[in-house]
Structure formats: structure tokens, C-alpha cells
Amino acid sequence: MTTDVGTTSNSAQASYPPSAAFTATANAGPELQAAADADRLAFWAEQAGRLDWDRDFDEVLDWSGAPVAKWFVGGKLNVAYNCVDRHVEAGHGDQVAIHWVGEPGDSRDITYAQLKDEVCRAANTLTALGLKAGDRVAIYMPMVPEAIVSMLACARLGITHSVVFAGFSAAALRSRVDDAEAKLVITTDGQWRRGQAAPLKFAVDEALGSGADRAPSVEHVLVVRRTGLDVEWTTGRDLWWDETVGTASPEHACESFDAEHPLFLLYTSGTTGKPKGIVHTSGGYLTQAAYTHHYVFDHKPGQDVYWCTADIGWVTGHTYIVYGPLANRATQIVYEGTPNTPDEHRHFEVIEKYKVSIYYIAPTLVRTFMKWGRDIPDAHDLSSLRLLGSVGEPINPEAWRWYRGVIGGGRCPIVDTWWQTETGGIMLSPLPGITATKPGSAMAPLPGISCKVVDDNARDVPHGEQGYLVLDQPWPGMLRGIWGDMDRYRETYWSRYAEQGWYFAGDGAKYDEDGDVWVLGRVDDVMNVSGHRISTSEVESALVGHPAVAEAAVVGASDETTGQGIVAFVILLEGVENTGDTLISELKAQVSTDISPIAKPREITVVPELPKTRSGKIMRRLLRDVAEGRELGDTSTLVDPAVVEALRAKR
């Protein structure tokens, strides 16, 4: 690897130990790591004991077919039973499972008993449509309770679901339907977005086509009434949810499935190539989902109100809205809509009303709140919060501190979590009650998880230098392949360190002087400036450390002299005056001071917005296109594609 000059500013190294009061009641204690260190496989067997198994497993791990693992070999269970039925049978049927909050202001509270009945009705309906274990179902829905019911009904029947984010285009839906050969698509008539009813069934009709272009695998489309929009109707194919599921029997006896039975496919897309259908199975995935949710979020069943703000179209919604929380008998918020509809107080009103105690959001949302100003959260009673979480990308230290100080009242521990669609669940995170956290660091792998930071030659990198994050031991929630393309699976994730048998995560990372791990983002977000490796996230953190800046995005653009030049786009805080060249000079100086003069951006542009997907991720690929004056790539997944054209006009 080339020389590393990236260093996190000294102020970001400050440590925040847990309070004695939090530690006294924390789920995790030092014995957790000790048990994992003593016997990793016995540790995972103990975690699997959190679930109800119809048949005990004979072997914890079979790694003989590496890089395809088999976990809890011979064990059988039903995922939906573990998420719903067993809680009702244990006498918790009256506990609220879901406080659902709709965008127009409607809401529903759904108990575990009610959820069980609805899942059984849906399962009976799918069976009546001829679906059976091993079939695939595509779910293309907004954040409504029926989406979760659909996932659980599939799990109950051993049907593999493929949830497609409702913001994706008809073409994206079609490619996923065809790849999975889905027999059924479940959708809604429309969805609410920023006060408007937007069609969704229309996109399904477009995706499935007609005549010679008809999607050959799809037999039925099941439609939930959400907005009241008029929809086109294909007789014999299309069915209303309320006329089928709504009239079905709530009695259903579930059967158990092998621990390795495929639970779901979730497609990830890159900048090029066909989307990858990531395969997750049942026993190992649910074990890791339940384990991580319990310990990372310090969840107390029947006491906490938990809120993960993700969408079920992403893996965070699968693991930390559906499977992990429900396996652990959580009471949670499920929210439809955007954070500023009808206004910027929306999230804080929900926290205040429902006494949310655990709050899990993306750094992008934290920075958005910062931009809006602290007057908005300060107008609400957020004292119910006791733990905060961050997910999706590395969080810059300034945003971390703001999150803890303003939203968390200076008292809430923050779990800064690193994981991926492919890992199934959280891999690196502080453990609340144990870890003295550092702003911007995911700290360490969880007990039972093992990682390394290595160079191109698989050697451990010295503390302070950047390397590549690899996972050197299999884990229960790991992907089992790419649907229909195992060669691509091996090439994508295992070829770089094939000799060592390590999974390469695609992220850069480093150890600090204490040996704690700092994830630096995707390797393609590491810039090479005159032979020096500089992380985009570190430059962004330095920029956001300036009192005028709310959010920053940095990309490396081609440079004839240095190989790459650093180009930054910044959003200013509300009410801050743009002083032009004076501000730009201050920002460049800040980066030089915090990191190195080599890291000083070549260009900085002040912009009103950044191009973001509906999941809140900044599309740096498009920013590189803008910075290098290229034609723009696909903008269909952006919240507002016009933002990119506005950026071009600013330059």
C-alpha cells in the first residue's frame, strides 16, 4: 500500500465511558467477550439457544465447503414462529409489537396477538394461491404494516422473499423479479411521499409488462389499499389484500425448516453490472439478528420502545425492524414518510409521544438535523432516550458529538455500527455499558466476530496506517452466496485474499494507537493524491468540524499532476452567511490543520443540497461525474434527480 497521511484529529480521540448507572443494568458484561474468546463455536451455540428450535442442531459450523458455510447443521426452526407465535404462547399477546405511524397522521398499534393473526391470514392466502416452500415472492411496498406481515408470512411458509425498495424504478423491479423468478408480487396502490399520494401499482404493471414482454414467472399481484389511487386491473392476476388476506382464517399451523433454508434474497446494486441477489438463510441469520439486537441496543423486552428509522427495502430494515426486534419481543416504532413531513419536528414528536428509548438512524440524518439547528429537538422532551445508534456509513466525529449532546442530552451512549447487506447483522460496534466510545470509531468486532486490518499482501498494518478490513472467521449471519451465480460470489468477496480464506468487505480501515478500529468507508472512497492514501470520510469530518458547515461530501477527481485531486461539496448550517473566498480559504486551512496539507481540497463548492438516495446515502459516484465534467450515470434512485443538475450549474 502507499503511504498513509490520514490521521483523525486529536479532538476526535476523546473517549466517552459509559455511566455507572447504565453499566449496572447493561445486557453485556465482560463475561460475553470472555466466553467468545474461550470457545467461539460454543459461544454461538449458546446464542442460538435464544431461539426456539423444533430440532436441535448436530453441529455448530460446517466450513468444509468454504467459502459457503453451514451453520447449526441439522437444526430446524420456523423464523416466523420465533418472531411472533412464541411470544403469544408465553403470555405476551397483549404487548404492542408495532406502533405504526403513517405519513398523513394516521396510526395503528398492533399487538403480538394481532400480528400473529394477520401473519396467519396472509400465510393461508399465499397457500391458497399455490405457493409453497422454496418459491420466491417479491415485495414492493412502502413502510406499512402489511409489508412486515408479508415478510413474516413468507418466512412462515418457507417461501424466500425478495423485498424491493419502493423507491426503485419499474426496470429495477423487473430485473429482480426475473432473476428470482418470483411467482407473486405484493404491493400497494400507492405510497405517501411528502404529502402527496404517489402511484406504486402502476410501476408494478409497467415492470411486469404484457404480451411477449410479460414477466414469465409472475402468476399473481396482491395489492394493499393505502392511498385510494385508481389502479389498472388485470383480472385473474390481480387481487386485493382486504378481499383475500382480510377474509382468510387466522389459524395456521407452521412447520419447521432446515437452518440453511433460504429466508430471503436482497439485491445490492453497484455502479456497474447486474444487481447481486444476496442469499441469507434461516438459523444462522436469525441467531445473529437476535444476538446483536439484544446486546448492541441493550434491549429490554417489555420496557423499551425501539425505533430503527430504516426502510425494509434495505438490510437494516430486514434485520433491525423485522427479524431482530421481533425475535426479541420488542415494542417498536414503524414509520412511513420523511423526517420533515409535515415539518422538521416530526421525528422528535414521535420520540416524545411514544417515549422512544432506543433510536437508530443514519449519519446523514444526524447531519440533516444539525443543519436544521438544535432549536427543533430542544423544543421536545427527549428524556425517554437512553441509547442512540448510527448505521450506514462512518459518522464524522462532529456529528457524533452533536448527536450525543443535543439528541442524547449528553447522557446516551452511542453504538456506531459497521456491517453490510452481506454480513446480515452488526459486526463491529461498541457494547453499551462496557465500551468507552470514541466519536467516529466502530471500536471493535463484537464477541464471536473476528476481523483484521491488513495490507495488499495480507500483512497486519501498523497502528495509524490505513489498510483493508477483512473478516477472517465465518459468522452465523453471513451470506451464503449470490443467487444463481456462485462464481460471482467467490470472485466478489473471496478472491482478493483467497489464499488466506478471508472475506474482503470492500472497506478501508485502520487501528488507532489503542488498537481500536476506525472504518474509513469504501475502498473506492479512498483517494490517492501524489501516492498518499487519504480517506474521503476523514476530509469530510475535518470540513464538518468547521462551525459553518452542516454536511460535506468529498470525492477524488482525476488530476494530471497528482493522480487525483480532492473535490469537496459542502452545505452550510441554516443562517450561516457564505463569505465566498474567505470561507473557502478557512475550510481548506481547516483540512490542512486537521489532517495534512496534502489533504487540502483542490476545489470546494458550497451547495444547497447533495444528491442522496432514498435510503439517505450520498451518491459520490455522481459527484465524481460532476467534478470531472462527465455525462451523469443513472439518477433514478435519487430523492431529487434535479439536485445534480443544480450542482453542475454551481460549478
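Two exercises with worked solutions follow, on a predicted model.

Local features need pLDDT of at least 70 and side-chain atom pairs pLDDT 80 or more, while totals for chains, interfaces and linings use all residues. Residues are numbered from 1 along each chain as its sequence is written, and side-chain values use heavy atoms, without hydrogens and water.

**Exercise 1.** Locate Thr-316 and state why it counts as buried or exposed.

Solution.
- An unreviewed UniProt entry lists Thr-316 under "binding site", and Asn-340 is another of the listed residues; such annotations may be inferred rather than shown by experiment.
- Thr-316 lies in helix H11 (residues 315–327), helices being DSSP runs (H or I) of at least four residues, numbered from the N terminus.
- Buried means under 20% relative accessible area, exposed over 50%, and partly exposed in between, with a 1.4 Å probe and protein chains only.
- Thr-316 has 12% relative accessibility and therefore counts as buried.
- Beyond neighbours within four places in sequence, the contacts of Thr-316 include Tyr-360 and Trp-419, where contact means heavy atoms within 4.5 Å.

**Exercise 2.** Describe how helices H6 and H11 pack.

Solution.
- The axes of H6 (residues 145–157) and H11 are 11 Å apart, at an angle of about 60°; these axes are lines fitted to C-alpha atoms over the stretch in contact, with angles from 0 to 180 degrees between N-to-C directions.
- Angles under 35 degrees count as roughly parallel, over 145 as roughly antiparallel, 65 to 115 as roughly perpendicular and the rest as oblique.
- H6 and H11 are therefore oblique to each other.
- On the H6 side, Ile-148, Met-151, Leu-152 and Ala-155 meet H11 residues His-318, Ile-321, Val-322, Tyr-323 and Leu-326.

Technical notes:
Helices (H or I, at least four residues) and strands (E, at least two) are DSSP runs, numbered from the N terminus.
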